[in-house]
Amino acid sequence: MAYEKFELELPLKCGVTLPAFLTYKTLGDPKNPAVMIPTCYTGRIANTMTAFIGDDDAVSPKKYFVIVVGLLGGSESSSPSNQPAPFDGPKFPKTIYEDNIHAQFKLMKHLGVEKLFCYMGYSMGGQQAYHFATLYPDHVDKIIPLASSAQTSGFNWNFLEGVKSTMKASSDFLANTYTEPVMIGTTAFGRVYSNWALSYEWFKTKAWEAAGYKSSEEYLLADWEKRLNTWDARDLLQMAVTWQEGDIAIYHDNDYAKALGAIKAEALVMPSRTDQYFRWEESVEEVKYLKKGTLAIIETVWGHIAGGGAGTPADNVWINEKITEFFSK
């Protein structure tokens with residue numbers, strides 16, 4: 001499917017002005033309330049939040065103007081793998097959530113949207129929701145962070161450092177001088193990452209069987225190794241750095257509680273009970289400080305990925321119901 005492209009000169013936090021582009025798609029009538037949904041880590045526009053976007057789902061294009069936008073570094077918007085010289089490949093500059101949010105705000109204005117009805121996102125998308133509500137508090141009514149957090153914890157940061165190291169140590173990464181796909185590195189990266197994205201309970205209950213696989217090995221090969229092989233190594237590392245630096249406290253004197261308390265938007269915070277790196281306990285703390293925060297914990301064995309719609313059909317029905325209820329308030 002062909003997507004739209006929004007080109008802009010983007011001053012980055014690192015000091016570089018990037019001739020950037022955002023790749024996006026829209027669904028529904030622009031006159032309807034707007035819902036922005038960004039992609040997440042290893043998420044592409046085509047598979048972003050599709051369990052919750054549809055005529056019979058919570059985010060119905062019949063009711064809402066839906067904007068799905070690619071993350072910088074995420075292979076569809078400006079990224080190491082697709083940016084023209086002089087910022088191509090290893091020369092692509094560092095990007096953080098703030099850069100994404102400023103670019104997305106410009107896209108929103110370009111589309112004629114003055115204020116979002118909701119900014120909704122999973123994982124890195126949820127972190128972007130917190131950042132949007134922090135940087136543009138008067139331009140969004142509601143936010144829904146799913147399996148996410150307002151601040152990347154030290155534990156989360158170190159998990160990412162581990163998978164980054166796996167990639168960098170692979171023989172075909174060639175100290176970031178590679179010119180051919182990094183197949184050894186992305187295969188190892190996918191296998192290491194998978195254990196964190198799922199849960200102990202997932203393996204104990206043999207949840208792969210309900211997903212139609214004969215063994216955990218068959219599932220991991222198809223859904224993690226082969227899927228990660230389609231990604232450029234630099235893009236994966238680029239997004240990981242953005243994720244590691246996620247922290248809305250930096251805009252409020254490094255005061256986490258103050259930053260959350262300054263958010264004006266209503267928030268539906270939806271962690272997964274078995275998420276290993278965006279811990280549900282963090283979400284409990286966040287809701288304590290949000291002025292208008294509601295906590296809804298996803299009870300699932302599908303770990304982190306349940307928040308993006310990759311859990312069970314029952315998980316997705318429950319999430320859809322909660323979002324619908326939140327939208328109707």
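**Basis.** I worked on a predicted model, in which local features need pLDDT of at least 70, side-chain atom pairs count only at pLDDT 80 or more, and totals for chains, interfaces and linings use all residues. I numbered residues from 1 along each chain as its sequence is written, and side-chain values use heavy atoms, with hydrogens and water left out.

**Sheet.** I took helices (H or I, at least four residues) and strands (E, at least two) as DSSP runs, numbered from the N terminus. Strand 3 (residues 34-38) and strand 4 (residues 65-69) run parallel and are joined by five bridges; two strands pair if DSSP finds at least two bridges between them. I then traced the open sheet of eight strands, whose order is 1-2-4-3-5-6-7-8 with mixed pairing. Strand 1 (4-11) and strand 8 (293-295) each have a single partner strand, so one side of each is left without a neighbour in the sheet. I noted a twist that averages 20° from one strand to the next.

**Helices on the sheet.** I found helix 9 (residues 280-289) lying across strand 7 (266-269) and strand 8, at about 150° to strand 8. Angles run from 0 to 180 degrees between N-to-C directions, and axes are lines fitted to C-alpha atoms, for helices over the stretch in contact. Helix 10 (residues 313-327) touches strand 5 (116-122), strand 6 (140-146) and strand 7, and its direction makes about 165° with that of strand 6. Contact means heavy atoms within 4.5 Å.

**Helix pair.** I recorded that helix 4 (residues 183-197) packs with helix 6 (residues 216-228) at an angle of about 125°, their axes being 8 Å apart. The two helices are therefore oblique to each other (under 35 degrees is roughly parallel, over 145 roughly antiparallel, 65 to 115 roughly perpendicular, and the rest oblique). Residues making this contact include Phe-189 and Tyr-193 of helix 4 and Leu-220 and Trp-224 of helix 6.

**Tyr-193.** Is Tyr-193 buried or exposed? I found Tyr-193 buried, with a relative accessible area of 7% (buried is under 20%, exposed over 50%, partly exposed in between, with a 1.4 Å probe and protein chains only). Leaving aside neighbours within four places in sequence, I listed Tyr-41, Phe-159, Val-163, Trp-224, Trp-243 and Tyr-277 in contact with Tyr-193. The C-alpha atoms of Tyr-193 and Leu-8 are separated by 33 Å, with the two residues 185 apart along the chain.
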